[in-house]
Amino acid sequence: MLNINFKISGAINSFSLFTVKYQSYILPLLLVVKLTALFIDFSCFSTRVSLIIFSTTYAAFAFIMSNKLNEKKSKENMLTLKQSNRILETLMYSMAHDLKSPVRSAAGILNIMNEDLKEGELNQSSMCYMLGLADNSLKIGMETIDEVLDYAKYGQNLQIKNKVNVDKDLSNMLLNFEENCFIRYNSIGILSVDKNAFKRVIYNLVDNGLKYNSKNKKLVEVYRTGDTVIVEDNGNGIEEKYFERIVKPFQRLDSDTEGTGLGLGIVSKILELHGFKLRIKSELGKGSRFEILLR
Amino acid sequence: MMGKVLIVDDNEGERFIIKRTLIKLGVEVESILEAKNGEEGYDIIDNGKIEVVLLDINMPKLSGLELLRMIRRDKFSPPPYIVMLTTSQNDDDLGSSIEGGADGFSVKPNAPSKMKEILSAIKIIFIDKQHLTEELCSVFQYLKNI
């Protein structure tokens, strides 16, 4: 009697599993059945009653566990959402500041020019100086907007394709850099990437290697060893305490050099979306090495 | 006696605006010093004779808040008055500024006329030191209410 009950209950419970969508409950199911069998002597019940008892026990168990799991999942989702919202708020605040600051600065300078003009204190020299300042501020604002749009762009529509040969595109791109520097490119070969996004990663890393470099002979190397793509430069280097900070958006370490602070943020975001990791090694005064771990 | 004022801001345009407004308030050009980042600012304060620091909160590498804490930690004598400047009102920045030991906090004004109101209050401090404590309290209260 009990054997038949097990077989029929097994069929019913498979159906239950399908409806509850928890296939991982097969083991707990067997546990429930065994425990129930320990405490209830089914030999005195009819098949129908045995089936009812088994199914009811299982359904109750599945119902309670599914509620608990849903609750847990819900809490985890809420936590993830709160964290995402916090990150987004911080990003929005930084973005607002970095956009507002240059625009406000340009507006303030033009106001001063206007006041000086009314008071008859505006001469050509001061006018040229102030216009230059306002122009610089607005350029920074425009660059920031472009970079923000880029940053947003690399979150949508990333088209990762298998077996993409990036050599031709990358080597062509690297030809466009300034002439008084030396960029050595060795074959990276085949990757599973969104080609344009990966190009952007290499571009930003090379650009930083040249921008934050006060050497007479600037050198950047791009190459691959096994599952690691490396961009190495002889630039100014970065202190280790800033490694975590510089990959976040709107973080700059240098007020003398132009930049929006989004370059490495974009690199970090693209690599994350590809499932790659970024490792930074650097020594002040000697240079930096950015390792893209493909696995 | 007019003390020295140090403007610490990574944005050259902002430094220019603040400097021009200080000059219009009657501060002598020679008394106004500038620093384009926190480290430069600290070095100038370390060399002495800075009475008021107008300090931008958001700067690369060494932020305004970090510089504020360094200045208070190193207990310069006499300690400079420090007014934190920010582009937009943020309760966290205000709270951090107060905790860090700032004497004032202000959202950067859009118009120089607004800047004049704020800096006029500070001007009272370093021109007339007899009423120092009272004026400092009223400036801080004024800035808090902005």
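Colleague: Before we look at this predicted model, what makes a pair of residues a polar contact?

Modeller: Two N or O atoms must lie within 3.5 Å, one able to donate a hydrogen and the other to accept it. Across the interface of chain A and chain B, four residue pairs are in polar contact, both residues being at pLDDT 80 or more.

Colleague: Thanks! Which helices of chain A supply at least two residues each to the side that touches chain B?

Modeller: Those are α3 (47-118) and α4 (124-153). Helix α3(A) gives the most, with 13 residues. By class, that side of chain A has nine nonpolar, seven polar and 10 charged residues.

Colleague: Why is the pair B:R20 and A:D116 called a salt bridge?

Modeller: The closest N and O atoms of B:R20 and A:D116 are 2.6 Å apart, and the limit is 4 Å between a side-chain nitrogen of Lys or Arg and a carboxyl oxygen of Asp or Glu, so the pair qualifies. The count between the two chains is two salt bridges.

Colleague: And how much area do chain A and chain B bury between them?

Modeller: About 2400 Å², 47% of it on carbon and sulfur atoms. In residues, 26 of chain A are in contact with 25 of chain B.

Colleague: Good to know. Which residues of the largest nonpolar core touch the most other members?

Modeller: Of its 42 residues, they are A:V166, A:F198, A:I202, A:V206 and A:I292. Helix α6 (residues 195-211) of chain A provides the largest share of this core, seven residues. Apart from this core lies another, of 22 residues, including B:Y42 and B:L68.

Key:
Residues are numbered from 1 along each chain as its sequence is written. Chains are lettered from A and ligands numbered from 1 in the order in which they are written. This is a predicted model: local features need pLDDT of at least 70, side-chain atom pairs count only at pLDDT 80 or more; totals for chains, interfaces and linings use all residues. Side-chain values use heavy atoms; hydrogens and water are left out. Contact means heavy atoms within 4.5 Å. Buried area is the accessible area (1.4 Å probe) that two parts lose on being put together, summed over both. A polar contact is a pair of N or O atoms within 3.5 Å; within protein, one must be able to donate a hydrogen and the other to accept it, and residues adjacent in sequence count only if both atoms are side-chain atoms. Helices (H or I, at least four residues) and strands (E, at least two) are DSSP runs, numbered from the N terminus. Ala, Val, Leu, Ile, Met, Phe, Trp, Tyr, Cys and Pro count as nonpolar, Asp, Glu, Lys and Arg as charged, and the others, Gly among them, as polar. A nonpolar core is a set of buried Ala, Val, Leu, Ile, Met, Phe, Trp, Tyr and Cys residues joined through side-chain atoms within 4.5 Å. Buried means under 20% relative accessible area, exposed over 50%, partly exposed in between (1.4 Å probe, protein chains only).
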